[in-house]
Amino acid sequence: MRTVFGKFLGALGRDVRTAVDEIGEDVRAVQERDPAAGSKLEIVTSYAGLHALWLHRLAHKLNDLGVPVVPRWVSQFNRFLTGIEIHPGAKIGEGLFIDHGAGVVIGETAEIGDNVTMYQGVTLGGTGKESGKRHPTVGDNVVFGAGAKVLGAVTIGDNAKVGAGSVVVTDVPKNSTVVGNPGRPVLLRGQRVGIPDIDYRHLPDPVAEAIKCLVARIVEMEQELDEIHPERKGKRQEAVRQTQEMLAELMAYDAGAGI
Ligand SMILES: CC(C)(COP(=O)(O)OP(=O)(O)OC[C@H]1O[C@@H](n2cnc3c(N)ncnc32)[C@H](O)[C@@H]1OP(=O)(O)O)[C@@H](O)C(=O)NCCC(=O)NCCS
């Protein structure tokens with residue numbers, strides 16, 4: 001009897017030590033990633049994201065032990081307390097930082113790697129059309145902007161970023177950033193995308209082009225008028241010369257400065 005009790009106390013002691021170590025890591029994650037973070041006391045007492053994480057660990061442990069119903073009660077109490085709903089079945093790695101927290105929903109079959117950051121309003125949910133594994137799998141060091149929705153059993157690769165307000169329903173490769181609805185990549189495997197391959201210094205200037213056409217037409221008309229009224233030829237030749245000078249100036253702009 002004494003041995004069983006001793007083993008129980010030993011296991012409890014190990015669990016408490018692990019929990020204390022994890023809390024230390026959680027606080028460090030906040031200090032590293034939130035410029036607004038203050039003292040350890042402030043972090044431990046004022047960050048709903050941390051409270052949600054700690055309660056989730058309890059719910060997840062009970063869920064793993066096969067305890068019925070209670071894990072869901074813990075999860076719902078967590079939601080009531082923090083505004084963050086994490087299903088007890090969700091697997092969460094080390095160093096998750098949920099900033100502000102309210103409105104975050106993490107589904108039952110979601111799997112989250114290490115050092116992930118998410119802001120308020122993030123959903124890692126299902127599409128409503130799948131069963132079994134139906135929530136996202138998230139790699140390490142991923143950032144979810146405020147209000148990002150990631151739906152379905154998609155994979156978000158390591159170091160990816162999902163922009164605020166984005167809706168993502170397909171896989172995101174590692175080292176990539178997606179924004180918008182539907183999420184489109186602006187960074188793909190470390191390379192910027194969506195920027196047309198053109199020489200910006202030599203973009204055509206449509207206004208200069210239009211004026212050039214008009215000037216050319218006026219010169220042509222002046223020459224035709226010379227033929228109709230030869231007595232005014234001198235005067236017109238002066239006007240033509242001036243117009244041609246103007247055209248040359250415009251051509252200079254077009255070659256570099258634009259107008
Ligand atoms: C996506 C994000 C991580 C920036 O990534 P980035 O690689 O630095 O991207 P850039 O800022 O260079 O923007 C690239 C393009 O995406 C657009 N973009 C950036 N974030 C966007 C977003 N959330 N939604 C839609 N478009 C976005 C930019 O306007 C830009 O478009 P353009 O190429 O047409 O000019 C960032 O914008 C973001 O959403 N961060 C989340 C921050 C957050 O939620 N804070 C909450 C604090 S409470």
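Predicted model: local features only at pLDDT ≥ 70, side-chain atom pairs only at ≥ 80, totals over all residues.
Close-up 1. Of the 15 residues around the ligand, the ones that come nearest are G145, A146, G163, A164 and V179. Two elements, β14 (177–179) and β15 (184–188), each give two or more residues to this shell. Sorted by class, the residues of the shell around the ligand are 6 nonpolar, 8 polar and 1 charged.

**Close-up 2. The pairing of β14 with β15.** These two strands, which give residues to the shell around the ligand, run antiparallel and are joined by 3 bridges. Within this pair, V179, one of the residues that come nearest to the ligand, stands opposite R184 in β15.

**Close-up 3. The open sheet of 7 strands, to which β14 and β15 belong.** Reading across the sheet, the order of the strands is β3-β6-β9-β12-β14-β15-β16, and the pairing is mixed. At the edges stand β3 (97–98) and β16 (191–192), each of which pairs on one side only.

**Close-up 4. The open sheet of 5 strands.** Here the order is β1-β4-β7-β10-β13, and the pairing is parallel. Because β1 (85–86) and β13 (167–168) at the edges each have a single partner strand, one side of each is left without a neighbour in the sheet. The partner of β1 is strand β4 (residues 105–106), and the two pair in the parallel sense over 2 bridges; in this pairing, I86 stands opposite I106 in β4.

**Close-up 5. The largest nonpolar core, with its 37 residues.** Which residues touch the most other members of this core? They are I98 and V162. The elements that give two or more residues to the core are α1 (2–33), α3 (48–64), β3 and β10 (149–151), and the largest share, 5 residues, comes from α3. As general background, nonpolar side chains tend to be buried together in soluble globular proteins.

**Close-up 6. The contacts of V162.** Leaving aside residues up to four places away in sequence, V162 touches F144, G145, A148, V150, I156, V168, V172, V178 and G183. Among these contacts is G145, which is also one of the residues that come nearest to the ligand.

**Overview. The protein that holds these details.** The protein has 259 residues, of which 25% count as buried, and there are 6 helices and 16 strands in it. Among the contacts in the protein with a separation of 6 or more, 32% are accounted for by residues 24 or more positions apart.

Notes:
Residues numbered from 1 in each chain as written. Near = placed C-beta within 6 Å. Helix = DSSP H or I, 4+ residues; strand = E, 2+ residues; numbered from the N terminus. Nonpolar A, V, L, I, M, F, W, Y, C, P; charged D, E, K, R; others polar. Pairing = 2+ DSSP bridges. Buried ≥ 20, exposed ≤ 12 C-beta atoms within 10 Å, placed from the backbone. Contact = placed C-beta atoms within 7 Å. Core = buried A, V, L, I, M, F, W, Y, C linked by C-beta atoms within 7 Å.
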